[in-house]
Amino acid sequence: MDASIVIISLPAIFRGIGLDPLAPGNIGYLLWMILGYLLVSAVLVVVLGRLGDMFGRVRIYNLGFLVFAGASVALSLDPFRAGAGALWLILWRMVQAFGGAMLTANSAAILTDAFPARQRGMALGVNQITALAGQFLGLLAGGLLAAVDWRAVFWVSVPVSVTGTIWSWLSLRETRTGRRGRVDWLGNVTFATGAGLLLAAITYGIQPYGRDATGWGNPWVLAGLAAGLLLLLVFCVVETRVAEPMFRLGLFRVRAFAAGNVAALLTAIARGGLQFMLIIWLQGIWLPLRGYDFADTPLWAGIFMLPLTVGFLLAGPASGYLSDRFGARLFATTGLLLVAASFLGLLTLPVAFDYGPFAALLLLNGFGQGMFSAPNTSSIMGSVPPEYRGVASGMRSTFQNSGTALSIGVFFSLMVSGLASSLPSALADGLRAHGVPAGTAEQAASLPPVSTLFATFLGNNPVEHLLGADGTLAHPTAAQRHLLTGHTFFPQLVSGPFHDGLTVVFGVAAGMALVSAVASALRGRRRVTGEPALPERPVGAGRPSAGSPLDERGSR
């Protein structure tokens, strides 16, 4: 919930610290507020999962709640304004992500340890679907709390975190003794640096560079991508040569583990793109066309997206329970096919759609994702030896968090590229036709489309943002000014270019969902026994001791 609550509250947060995030040079603050949390989570979950295997999963999990609570307090007490205030929030959000990564890296492993195989899918289903539902409920909570006070967005995390810290310390017990070993320092450094450079380069690739709408031609972005990929290749070589690697590459020889993580990565990319595109679609076009003020659209966008959460909640626990009896492949693969069908359905909707079909497609999408998530997690976690569940949980979380971060880079770039080809001319013609001087109209139309896109994302009136600062709105007549800054001018102006971009975005998302379904179908048949049987021992794994689960190899 906390990972998404900030997204919907960004307008109130930036107003509270007195910073215009859309002014030249400030878009970086906005992007790092969104992506900084995801970047830290994606980079650190494997490391923290490995530390859980070594020093105790419950111990790392409890410490994560404590770090999260302290960071939430610091966020709500931001003493600065403008750029300094934004940097304070970005840095403490990263600390908060560090605590959150301690939780997500070990939660699935703790549950896998605690529940027998016949109940594992149901337990992980409740856990996973609650987390996914929280991401979308955070959009609703953020809209409600931001209307009260921007600091309340962070206050709400404090009692939850403190309660969680005390509750987990009192109730959770280690069910397995941590296996001490050496810390893979070289692997940690190469992975964290490589993944960090790669995701940071993607973050800056979204921003305009020179006269280009995006920054993918920026030499620093290209250098970051190349260096990140090179370091990740070095990391893979290192992990095959050290005695106790951080990233158990040998686990990818387990078909259920490899296929499940590939499916999870592609699904995370598609899901992240869906969330951001829906927010922009609703806040920038659909809600204003129905008379909602731009300032109110963040809250109402969260409300109108609730069918997505309902679908998660309906399908998740039930599919987890049924997958314990009938296997994960059927439910996970069918769920992804439903997700692909919902994306194709969204392609057929006009920009100014009727809400009924839209809500039905969101419900179908959420239902499909719920069917996929719990069985897939149960399949991944049940396919690895118990002593590697912490690192396996971290690897799974890394793929999911990296997929979400990649989705923002991929889908924002696709949308911005689509808008860059048609929005400038449409905007210039529309402004000139309503009394804006030609030079000013051309100047406004030449601004990067990413500014307009983020204006709608933040619930700002894009025309007021483009023309209000320099007094241009004083030139048109009162009637023209009212029309320019009203609810319909901008949505009608961009609906055509935006729909072209949506077609590309949802088409790519549907393709990713179908590829995910193929990967899910290749995970292999259901295992009958309660514990996994590896086809080959992972790299660095010792011989299983007598009486361990790996001695009891069942049929596939």
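Me: Where is the place of Ser-161?

Reply: Ser-161 sits in helix 7, residues 157-171. Helices here are DSSP runs (H or I, at least four residues), numbered from the N terminus. The model is predicted: local features need pLDDT of at least 70, side-chain atom pairs count only at pLDDT 80 or more, and totals for chains, interfaces and linings use all residues. Residues are numbered from 1 along each chain as its sequence is written, and side-chain values use heavy atoms, with hydrogens and water left out.

Me: Why is Ser-161 called buried?

Reply: Its relative accessible area is 2%. Buried means under 20% (1.4 Å probe, protein chains only). So Ser-161 is buried.

Me: What does Ser-161 touch, not counting residues up to four places away in sequence?

Reply: Phe-65, Phe-68, Ala-69 and Ser-72. Contact means heavy atoms within 4.5 Å.

Me: What makes helix 3 roughly antiparallel to helix 7?

Reply: The axes of helix 3 (residues 57-76) and helix 7 cross at roughly 160° and come within 8 Å. Axes are lines fitted to C-alpha atoms over the stretch in contact, with angles from 0 to 180 degrees between N-to-C directions. Over 145 degrees counts as roughly antiparallel. Therefore helix 3 is roughly antiparallel to helix 7.

Me: Which residues of helix 3 and helix 7 make the contact?

Reply: Among them are Tyr-61, Phe-65 and Ser-72 of helix 3, and Ser-161, Gly-164 and Trp-169 of helix 7. By class, the contact has ten nonpolar, seven polar and no charged residues. Asp, Glu, Lys and Arg count as charged; Ala, Val, Leu, Ile, Met, Phe, Trp, Tyr, Cys and Pro as nonpolar; the others, Gly among them, as polar.

Definitions and conventions. Helices (H or I, at least four residues) and strands (E, at least two) are DSSP runs, numbered from the N terminus. Buried means under 20% relative accessible area, exposed over 50%, partly exposed in between (1.4 Å probe, protein chains only). Angles under 35 degrees count as roughly parallel, over 145 as roughly antiparallel, 65 to 115 as roughly perpendicular and the rest as oblique.
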